[in-house]
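This report covers one protein chain.

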Amino acid sequence: MSLALMPRLFVTRLVNHHLLLSASSVSPLITSKRTIIQEPYRRPGQPKENKFPWEKINFDLSKGLAGIKKNVSLLKKEFLERWVGPEGKPIIEHLLEQNRVVWEFRGPESLDQWVVSSDHEIGGKSEVYLKLGKNNNTCLLYGTLNSTPPRDGETRYSGYCTMKSKQQMASFDRKKHFDWSSFNTLHLRVRGDGRPWMVNIASETFFSHQKDDIYSYFLYTRGGPYWQDIKIPFSKFFLTHRGRIQDDQHGLWLDKVDSVGFTLGDKADGPFQLEIDFIGVCKDYAHTEEFAYELYKRNPEV
């Protein structure tokens with residue numbers, strides 16, 4: 001090989017080595033999105049939405065100005081409440097508080113804090129509605145349950161109806177949580193038709209794969225014209241993920257509660273109704289249980 005060709009050959013090998021290193025460093029960037037972040041749950045039969053995040057934004061000037069006005073008023077309210085005490089209450093009242101009504105239904109605006117859904121969203125035949133009761137002092141959840149699965153070739157089970165409170169929002173679309181750490185019992189006043197319901201509580205999580213974690217417990221209504229005062233300790237709620245009870249259980253985090261909901265899915269087709277007066281929390285000093293279920297230790301002490 002001549003001395004004139006040696007520099008050219010050296011440069012060619014150097015360029016090929018540089019391209020090889022570049023390809024190895026870029027390869028993690030072109031991996032699928034599923035390997036980096038868990039995709040949101042998509043129900044069977046629901047088409048996949050192939051839209052970029054900015055395509056879902058409604059660029060409307062009037063809507064933007066109204067949103068700025070709303071967020072500034074919420075920020076002002078938060079600032080003034082901090083000077084008074086937690087949640088706008090004096091610190092003494094907050095420390096000595098033993099009962100708190102979180103939701104009560106005393107007008108049409110109280111229904112705006114809730115959302116209802118059923119298997120009709122995935123092609124099922126159940127129907128659910130929400131309205132005010134007599135004298136506009138209660139909430140009436142009613143409808144028809146139908147466990148016939150949709151004919152989409154994927155869904156095997158169906159027949160559910162739910163009612164869930166909306167996520168509270170602070171100024172500039174920040175999540176606002178309920179702090180129930182000074183309480184230990186959920187207090188309900190309901191009137192049902194004898195069906196068993198599932199009471200669900202959702203709290204804030206740290207990881208994306210935990211966003212479907214829900215704490216659940218059973219609510220048995222007796223039917224008839226009489227009201228029921230039901231108290232469920234928070235220690236009785238067990239952890240579920242997308243409807244499946246988890247083996248690794250832990251207590252409910254009461255300092256960041258997001259929502260409360262009710263689910264009916266007893267596979268008894270037919271009409272149903274559940275009337276709710278109020279939903280609150282209380283402090284029961286007679287209840288000293290921390291958690292009702294066994295906690296597994298992954299690394300037991302020797």
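How many of the eight residues of S7 are buried? Six are, and S7 is thus mostly covered; buried means under 20% relative accessible area, exposed over 50%, and partly exposed in between, with a 1.4 Å probe and protein chains only. The model is predicted: local features need pLDDT of at least 70, side-chain atom pairs count only at pLDDT 80 or more, and totals for chains, interfaces and linings use all residues. Residues are numbered from 1 along each chain as its sequence is written, and side-chain values use heavy atoms, with hydrogens and water left out.

The chain has three helices and 13 strands. These are DSSP runs numbered from the N terminus (helices H or I, at least four residues; strands E, at least two). Of its 302 residues, 32% count as buried.

Seven strands form an open sheet with antiparallel pairing, in the order S2-S5-S12-S7-S8-S10-S11. Strand S2 (114-118) and strand S11 (244-245) are at the edges; each has a single partner strand, so one side of each lacks a neighbour in the sheet. Two strands pair if DSSP finds at least two bridges between them. The pairings of S7 are listed here.

| Strand | Partner strand | Sense | Bridges |
|---|---|---|---|
| S7 (residues 196-203) | S12 (residues 257-264) | antiparallel | six |
| S7 | S8 (residues 213-220) | antiparallel | six |

Towards S12, Ala202 has Ser259 as its bridge partner, and Met198 has Thr263. Towards S8, Val199 stands opposite Tyr217.

The largest nonpolar core has 39 residues, of which Trp180, Leu186, Leu188, Phe234 and Phe262 touch the most other members. Such a core is a set of buried Ala, Val, Leu, Ile, Met, Phe, Trp, Tyr and Cys residues joined through side-chain atoms within 4.5 Å. Strand S13 (residues 270-282) supplies the largest share of this core, five residues. Beyond its neighbours within four places in sequence, Leu188 is in contact (heavy atoms within 4.5 Å) with residues including Val199, Leu219, Phe262 and Phe278.

Leu65 is found in helix H2 (residues 61-84), and Leu65 is exposed, with a relative accessible area of 53%. The chain as a whole exposes about 21000 Å², 57% of it supplied by carbon and sulfur atoms. Accessible areas come from the Shrake-Rupley method with a 1.4 Å probe; for residues, only the protein chains shown count as cover.
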